Amino acid sequence: MGSYILKRLVAAIPVLIGVSVLVFFIMAMIPGDPALAILGAYATPENVAKINADLGLDKPLVQRYFIWLGNMLTGDFGRSYSQNKPVIDEVMGRFGNTLILAGVAFVLCSVLGILAGVVSAARQYGLADKLITFTVLIGISIPSFFLGMILIIIFALKLRMFPVSGMYLIYGGGGPVDLMNHLILPASALAVVATGVIARLSRSAMLEVLRQDYIRTARAKGVGERSVIMGHALKAAMVSIIPVLGIQAGFVVSGAVYIEMVFDWPGIGQMLVNAISQRDVLLVQGGVVVVAACYVLFNIVVDVAQALLDPRIKS
Amino acid sequence: MTLFNWTRRAVLAAGAALALAPMAATAQTPEGVLIVGQVAEPKSLDPAAVTAVNDFRILVNLYEGLTRYKPGTLEVAPGLAESWEVSEDGTEYTFKLREGVTFHDGTPFNAEAVKFNFDRMLNEDHPFHNTGPFPLAFFFSSVEETTAVDETTVKFKLSAPYAPFLSNLAYPTGLMVSPAAVEAGGADFGRAPVGTGPFKFVEWRANEAVVIDKYEEYWGEPAGAQAVVFRPIEDANTRVAEMIAGGIDMMVEVPPTALSQFEGDGFNVVEQAGPHVWFLILNAKEGPLADKKVRQAVNYAINKEAIVNDVLEGTAEVAAGPTPPAFAWAYNDSLSPYSYDPEKAKALLAEAGAEGASLTFYVTEGGSGMLDPVAMGTAIQADLAAVGLDVSIETYEWNTFLGNVNPGLEGKADMAEMAWMTNDPDTLPYLALRTDAWPDKGGFNSGYYSNPEVDALLEEARTAVDQDKRAELYKQMQEIVQEDAPWAFIANWKQNAVTNDRVENFTLEPSFLLQLEKVVKK
């Protein structure tokens, strides 16, 4: 298993280099100048040139790429001029917040999605199955940012059950209870689509397994229904469900971009949107590289989990 | 236990958790602490390094300048300087500083501190010049030398008479920072600001809040609130929702369409016209608009009333000329805006032989002070179509837009949207209407307007020490510029804010600065 993990890690290096090349040159192609973002309406060509020189943006593109890459390998992601602080501090702080939001949403959608899929499969064509299939269809069809606004109107403005935005109560707030309070609406909005997808795929994965001969054998031998479903069938179905979870984890992180805007959640999505409009090149580049590295890591974890469940995959 | 029972328990548990969770959510904001919903996270809290009104709103409560604006006006009053004298030729300003003032870190405020501030910004050899960039340093580009005469006297030597100097000292770029704090913080000073103002900095929780506390040893009247918390909430709808839900006590820049939600009990809507002009730059160098008659026709063709009332829902007023009425002393109130007169526009176009001309129009998607630029642009396009002008819109994101417009419209476009917020009646016309301000000379006259009379008036006004004399010159300038129509004059924005009814003594200033020292929060 150790060599398998090592192999997967080595294979990730070219992917990350590719990402760095892409994000660097795409940012270089986007029109608009960081100096203009700093100077605003008062930007004269002279001042623009001066600030670009200060930021090192007057050097040839390829040279800039290698300087950036070299610095990054030593842990120096540069300094964000829009935040006036080291890029790595800003990115890691923001990314931590996104992981809290996406992590809770991911746990929600995995647990609810698998549970709904299992119940649906176990009660195929029954009332529960129909109800779940119908709900899932609605869930998949609603864009998460729209759902976010609906949740704000109902649960924050009308019922006053949860706060509208932010991560903590601003004054005298803090602590896990406060955090949970602020998390419930955005995490729910974020989890809905993924829950639907996971529920659908879990249902079909379960149905496929339940048709297998060894399930019939188990039932014939008198194994209880709960044990058949949760023990035998679910374990086998997980081999097909785990890759779906991996993909959904990616979707949850990227979906967080919209949700962070709607709920003013100080995460990396909100940061990237602002950094792009500010032409804060180093912040965008650093943010994208960290997110990409995280995706790659997710995929490796999923592959390893799959390999653990089904040793055939490793070979 | 069946699987179904098992799920039912889970659902019940989840329901119970949901029911318990909201207990802390409805907590009210604490007494004495004013929570302000801002439009964005500040870039920096170093007053010399920022240009955004959003950042200024925090800065003016932490710092003070040598001068300040008299409440409710744009007139200059003493600040950290008690008094000043101007030499007869207008090139030497000597300030007598207030005694017994200390920065929040205990550093005394004195002439050396003033000198440090200006040298840091203007002198490239200064050891702390690298704590910049200082994008608005040109406000003080006429300062040749700053001298600390004695502990409480400071003298500025200017390269030429420069009348807006006192007003620029009141602007955030001129606010005084603690030299000791800059020396200690270096480039990070902007994240741990130290001034002399009625509030002192407490903490900046990244992307969450900037907290400032009442400064107990303040030399003047102590602040009315114990603390102010500035919360960045970028999405305007989320900001409105947070205001309605009670999570913030005050919000600025309320979207026009949301204003009606705050009419009624529990909230106060505050409005204040400021020194803002929203206009179209017209390309006077080439194409149909090189003809004055066509430029006047454009001014007559646009229904400005409809734009301010319908598009902007009454959050702006129709502009008459290049100077906003907020500069009351310099504003020519005998000017009335170009009337909405499509027939006259058509006649002028016929006279100029420009019927059916095609125009390229640069529109931005957003940007500082630009209000609702796409909707306004399309309304203007429709008005011009009605008089037979074929206008094609090109839309750009703000930074790209500035990159296209600031270097000049020649060879690219006939018209472009623009808006300016300034602190002195000199700034906008001097930087954007003079012949010597054409883009190739480093100015912002992107439409290449040129009138020697206007040039002479502006040069004279800037060097005149007597304010009545200056006012007279600006009034003449406005008449000529209105007649020449280098721009289409559209709107003056009325800034707005909403507070809940626990907030007292709050007013908006014409300077667009958010002075909170008198505000009391129950």
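This is a predicted model: local features need pLDDT of at least 70, side-chain atom pairs count only at pLDDT 80 or more; totals for chains, interfaces and linings use all residues.
Okay, Thr152(B): with a relative accessibility of 15%, that residue counts as buried, buried being under 20% relative accessible area, with exposed over 50% and partly exposed in between, using a 1.4 Å probe and protein chains only. Side-chain values use heavy atoms, with hydrogens and water left out, residues are numbered from 1 along each chain as its sequence is written, and chains are lettered from A and ligands numbered from 1 in the order in which they are written.

Back to Thr152(B). You'll find it in the loop that joins strand 6 (143-150) to strand 7 (153-158) of chain B; strands here are DSSP runs of E, at least two residues, and helices are runs of H or I, at least four, numbered from the N terminus. Which residues is Thr152(B) in contact with, leaving aside neighbours within four places in sequence? Phe95(B), Lys96(B), Leu97(B) and Glu99(B), where contact means heavy atoms within 4.5 Å.

Now chain B as a whole. We have 14 helices and 20 strands there, and 59% of its 522 residues count as buried. The C-alpha trace spans about 85 × 75 × 40 Å along its principal axes. Of the contacts in chain B with a separation of 6 or more, 68% are between residues 24 or more positions apart.

On to the interface. Chain A puts in 53 residues and chain B 57. About 4900 Å² is buried between the two chains, and carbon and sulfur atoms give 60% of that; that's the accessible area, 1.4 Å probe, that two parts lose on being put together, summed over both. Tyr42(A), Ile170(A) and Tyr171(A) supply 17% of what chain A buries against chain B, more than any other three residues.

What about charges? The rule finds three salt bridges across the interface of chain A and chain B, meaning a side-chain nitrogen of Lys or Arg within 4 Å of a carboxyl oxygen of Asp or Glu. Arg279(A) and Glu397(B) meet in a salt bridge, at 2.8 Å from N to O. As for where chain A touches chain B, helix 5 of chain A gives the most to that side, with six residues.
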